[in-house]
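Please read them alongside the model.

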Amino acid sequence: MNSTTVIAICSIITAGVTIGLGSIAPALGEGRAVSTALTSLAQQPDAAKTITRTLFVGLAMIESIAIYCLVVSMILIFANPFWNHVIAHATGK
Amino acid sequence: MNSTTVIAICSIITAGVTIGLGSIAPALGEGRAVSTALTSLAQQPDAAKTITRTLFVGLAMIESIAIYCLVVSMILIFANPFWNHVIAHATGK
Amino acid sequence: MNSTTVIAICSIITAGVTIGLGSIAPALGEGRAVSTALTSLAQQPDAAKTITRTLFVGLAMIESIAIYCLVVSMILIFANPFWNHVIAHATGK
Amino acid sequence: MNSTTVIAICSIITAGVTIGLGSIAPALGEGRAVSTALTSLAQQPDAAKTITRTLFVGLAMIESIAIYCLVVSMILIFANPFWNHVIAHATGK
Amino acid sequence: MNSTTVIAICSIITAGVTIGLGSIAPALGEGRAVSTALTSLAQQPDAAKTITRTLFVGLAMIESIAIYCLVVSMILIFANPFWNHVIAHATGK
C-alpha cells in the first residue's frame, strides 16, 4: 500500500462523504422553503407572483450550497492536484 | 490485498454509502413539500394551478440534490479515474 | 481470502446496506404525503381530482429516490465493473 | 474458513439485515397512512370511494419499497452471482 | 470450527435477528391503525362498514411486510442454498 494508493483511497472516500453529507441540509432546507411557500400561496393567492419569485431565488441560493459540495467532490475525483502530483512523480521516476 | 483490490473496495463501499446517505434528506424534504402542497390545495382549491406549478419546480430542485449523489455514485463505479489509472498501470507493467 | 473474495464480500454487504438504508426516508416521506392527501380529501372532497393528481406526481418523485438506491444495489450485484475486472484477470492468468 | 464459506456467511447475514432494516420505514409509513385514512373516513364518510382508492394506490407505492428490499434479499440468497462464481470455480478446480 | 458449523451458526442467528427486527415496525404500525380505527368507529358508527373494510385491507398490507421477514427467516432455516451446498459437498467428499 504505497502513497499512490492511499491518496486514491482518501480521495474516493472523501468525494462520496462530501456530497452525501452535503446533501442533507440543503434538501431539508429546500423542503422547508417550498413547504412554507405553498402555505403562503394558499393563504394569499393574490401575492402569487411575488411569492413564487422569492421562492425561486431562495431555492437557487440553497441549491448553490449543494452544488458547492458537488464541485468539491468532482474536483477530488477529476482534478485532484495531489493525485496529479503523485502520478507525475511516479511516472517521472 | 494489493492496491487494485483496496481501491475497488473503497469505491464500492463509498458508492453505496453515498446514495444511501444522500437519499435520506431529499426524500424527507420532498415528503414535506408534497404534504404541504396537498394541505394548501385543500385550503385554497382556486389556486391549484399556481400551487402545483410551484410544487413541481420545488420538487425538481430537491430531486436534483438526490441526482448529484447518484451521479457521484455512478462516477465512482463506472468512470473512476483512480481505478482506471491503477488498471492501466497494472496492465502496462 | 484473496482479492476476489474481498471484493465479493464488499459488494454483497454494500448492496444490502444501500437498499436497506435507502428505503427508510422514501417510505417515511411517502407515508407522510399519503397521510396528508387523505386529510385533504376529507376536508375538501371537491378538489379530489387535483389532490390525487398532485399526490401521484409527488409519490413518483419520491419513489424515484428509492429506485436510485435499488439501481445502485443492482449494479453492485449484477454489473459490478470491479468484480468483472477481477474475474477477467483471474481467468486470464 | 475458505472463500466459499466467507461469501456464504456474508450473503446470509446481509440478506437478513436488508429485509429486517428495510421493513421498518414502510411499515411505519403504511401505519400512518391507514391511520389517517380511517380518521378521514370518520370525518367525511361521503368521500369514502375517493379516500379508499387513494389509500390503496399510496399503500401500493409504499409496499413497493419494502418489496425492493425483499428482492435484494432474495437475489442475495438464490441468485447471488458472486456465490455462483465461487461455486463454479471450486467445482471446476 | 469448520465451514459447516460457521454457516449453521450464521443462519441461526440471522434467522432470529431478521424476524425479531422485522416485527418491530409492523407491530407499531398495525397498533396505530387499529387504534385509530376504534376512535373513528366511536366517532362515526354509521360508517362502520367502510371503516372496518379499509382497516382490514390496510392491516393485510402491513402484515405482508412482517411476512416478508418471516419468509426470509424460513428460507434461511429450511431452504438455505448455502447450507445445502456445504452439506452436499461434505457428504460427497
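1. Trp83(D) is buried, since its relative accessibility is 7% (buried means under 20% relative accessible area, exposed over 50%, partly exposed in between, with a 1.4 Å probe and protein chains only). This is a predicted model, in which local features need pLDDT of at least 70, side-chain atom pairs count only at pLDDT 80 or more, and totals for chains, interfaces and linings use all residues. Residues are numbered from 1 along each chain as its sequence is written, chains are lettered from A and ligands numbered from 1 in the order in which they are written, and side-chain values use heavy atoms, with hydrogens and water left out.

2. Trp83(D) forms an edge-to-face aromatic pair with Phe82(E), at 4.7 Å between centres and 80° between planes. Rings of Phe, Tyr and Trp (its six-membered ring) pair if their centres lie within 6.5 Å; planes under 30 degrees apart count as stacked, over 60 as edge-to-face and the rest as tilted. The pair crosses from helix H4 of chain D to helix H4 (residues 81-92) of chain E; helices are DSSP runs (H or I, at least four residues), numbered from the N terminus. Phe82(E) is buried, at a relative accessible area of 0%.

3. Over all chains, the count of aromatic pairs is four. In one of them, Trp83(C) and Phe82(D) have ring centres 4.7 Å apart and planes at 80°, so the pair is edge-to-face. This pair links helix H4 (residues 81-92) of chain C to helix H4 (residues 81-92) of chain D.

4. Chain D can be superposed on chain E with an RMSD of 0.1 Å by a turn of 21° and a shift of 0.1 Å along the axis (least squares on the C-alpha atoms of residues with pLDDT of at least 70 in both).

Definitions and conventions
Helices (H or I, at least four residues) and strands (E, at least two) are DSSP runs, numbered from the N terminus.
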